[in-house]
Amino acid sequence: MVYDINPELRKRARKIKLFLMDVDGTLTDGGVCLISTPGIGGFSEMKVFEAKDGAGLKLASIMGIRTGFITGRKSQAVQQRADELSVEFVYLGQETKTAAFEDCLKRAAVTPEETAYLGDDLPDMPVAHRAGLAVAVANAAPELKAICHYVTHAPGGKGAAREVVELILKSQGRWEEAVPKAIA
């Protein structure tokens, strides 16, 4: 639920055509669960994703807002979730996120002002500086919150991405059109 859309925030969100986000700490609570596999060797990774975020990202896609993940970890779970949600741009194992951000802009043929970015920690700051709508989750690093245009009410992994989709669609005057498509 979006609580306050001030005029400046609405102006920024109205332009958004591409919504990019970090994964760990934004779409998940930030925990990384590694499960050892005795006898087989190695480890498996488990991630927990919030269903509301998934519904929000599907709705963004339905409404023509392109989406992407830029994350520092290489994770088959993230790729699987991206495939389930029709996330178009997926960058795994990104030591820095700026190159992936720039590649997304080029591939999507959008400007930084037409791009929203959701993050939670210090590695997200360079991209947040470039994005037309920079958003931090409620439990983000204070340094990231300080440079973002909006801080979600939801913490990472608990509906923050869904909140951003609602913010964008409400600012664009398309929320009422979107709701029936979400419940179809």
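Student: Which residue stands opposite C33 in strand 3?

Tutor: M46 does. This is a predicted model.

Student: What makes strand 2 and strand 3 a pair?

Tutor: A pair needs at least two bridges. Strand 2 (residues 33-36) and strand 3 (residues 43-46) have four, in the antiparallel sense. They therefore pair.

Student: How many residues lie between the two strands of this hairpin?

Tutor: Six. In the turn, G39 has a positive phi of about 85°.

Student: How do you know that the length of helix 2 agrees with its residue count?

Tutor: Helix 2 (residues 51-62) has twelve residues. At 1.5 Å a residue, the span should be 16 Å. The end C-alpha atoms are 16 Å apart, so the two values agree. G64, with a positive phi near 85°, follows helix 2.

Student: Which residues of helix 2 are called buried, and why?

Tutor: D53, G54, G56, L57, L59 and A60. Buried means under 20% relative accessible area, so each of these falls below that cut-off. Their packing partners include strand 1 (18-21), strand 4 (66-70) and helix 7 (160-171).

Student: Why is the crossing of helix 2 and helix 7 called left-handed?

Tutor: The axes cross at roughly 35° and come within 7 Å. Left-handed means the near helix is turned anticlockwise from the far one by less than a right angle, so this crossing, being left-handed, has that sense.

Student: Which residues meet there?

Tutor: Among them, L57 and L59 in helix 2, and V165 and L169 in helix 7. The contact residues divide into seven nonpolar, one polar and three charged.

Note on methods. Residues numbered from 1 in each chain as written. Predicted model: local features only at pLDDT ≥ 70, side-chain atom pairs only at ≥ 80, totals over all residues. Heavy atoms only, no water. Expected span 1.5 Å × (residues − 1). Buried < 20%, exposed > 50% of the residue type's maximum accessible area, 1.4 Å probe, protein only. Contact = heavy atoms within 4.5 Å. Axes fitted to C-alpha atoms, helices over the stretch in contact; angles between N-to-C directions. Nonpolar A, V, L, I, M, F, W, Y, C, P; charged D, E, K, R; others polar.
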